[in-house]
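Student: I have a structure to go through with you. Can we start with the contacts and work from there?

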Amino acid sequence: MNEPKLEHIPCNLCGSERSVVEFHRPYKLDTVSECATYAATTDEFQSYGRIVRCRDCGLVYTDPRPAPGALLKGYEECVDEAYLSESSSRSINAHLSLNTLKRFCRTGKLLEVGASTGYFLNAARVDFDVAGLEPSEWACRIAREKFKLDVYPESFDATKRFEPASLDVISMIDVIEHLSDPLAAVRRAAELLKPGGVLYLVTPDVGSLSASLLRGYWWGLRPAHIYYFDKHTLRRLLEKAGFQVVLSKSFGRIFSWGYWASRLRHYPGFIYNPVRGIIRGLDIEDKLLYLDTRDSIEICARKK
Ligand SMILES: [Zn+2]
């Protein structure tokens, strides 16, 4: 395949060109456009490219990075059958998000950006009139056929389906770290939300203790992620787009013990193998475990 072109970008939050390198594991250029790189359950962790921190505002991001066209192609072609194997825990996680969100908005029109196969929308449809956008044609088809959801393969910036100031909630769960222009995306969210409408976000927290301890081995660093927020940079991004943060906390999730253990696959065998052995020995691979590793941020922000 052709090697994707890499592009240099200034800081998305403050426009500065002054940055310092935090982590650097060169891209494997033969896989950076491949579907496996973009799957939620990917094993492509280690070749995450050059990650810098803005000297002026502290935003952490990948620079240089593949051009947006190469990134979008990766998402459009993404097929992730493993994502479906944890369907019961993904449904429960959707309800955890929904419980938080409903503290700030209980009903109305809800749009999910990056809806994947539709677990969150399927949970939210009880209370909200729901629709979703999702670049992966495979995920879109599952959302439409399995859950009968209105999920469209259209981009958030270009879709004409929603009027300005017409939505009560926009959700982006594990999405903003993948976007080529997060500031434009939250500004677009502000445009489409009614005054008082709620933006619900979940994203890995590069300011967390585990990110500080694991450094270049932190699970959040991966080639599909091109922005790494902490609660300060995320708040600043949202305020710049006209939002007021009304909730900011860590976000835990439920998965099977087997799935949690599989997340350690890219660590050295002396860590992964004993954990896997113990879980198999206790026969708890399919049992569910709630874990808050305190390295994902959950935010609700209200449009002023
Ligand atoms: Zn900056």
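Student: What share of the contacts with a separation of 6 or more comes from residues 24 or more positions apart?
Tutor: In the protein chain, 76% of those contacts are between residues 24 or more positions apart. A contact means that two C-beta atoms, placed from the backbone, lie within 7 Å. This is a predicted model: local features need pLDDT of at least 70, side-chain atom pairs count only at pLDDT 80 or more, and totals for chains, interfaces and linings use all residues. Residues are numbered from 1 along each chain as its sequence is written.

Student: How many helices and strands are there?
Tutor: The protein chain has eleven helices and 15 strands. These are DSSP runs, numbered from the N terminus: helices are H or I with at least four residues, strands are E with at least two. The radius of gyration is 19 Å, close to the 19 Å from the globule rule for 304 residues, so the chain is as compact as a globular protein of that length. That radius is taken over C-alpha atoms, and the rule is 2.2 Å times the number of residues to the power 0.38.

Student: And what percentage of the residues is buried?
Tutor: Of the 304 residues, 40% count as buried. Buried means 20 or more other C-beta atoms within 10 Å of the residue's own, exposed means 12 or fewer, and partly exposed is in between, with C-beta atoms placed from the backbone.

Student: Where does Asp80 fall, then?
Tutor: Asp80 is partly exposed, because 19 other C-beta atoms lie within 10 Å. Asp80 is in the loop between helix 2 and helix 3 (81-84). From Asp80 to Ala139 is 59 residues in sequence and 8.1 Å in space, C-alpha to C-alpha.

Student: Which residues of helix 2 are buried?
Tutor: In helix 2 (residues 68-76) they are Leu71, Gly74 and Tyr75. Those residues cover an arc of only 95° around the axis, so they sit on the same side of helix 2. The arc is that of the directions from the helix axis to the C-beta atoms.

Student: How many bridges join strand 12 and strand 15?
Tutor: Seven, in the antiparallel sense, with strand 15 covering residues 296-303. Cys300 in strand 15 is the bridge partner of Leu247.

Technical notes
Two strands pair if DSSP finds at least two bridges between them.
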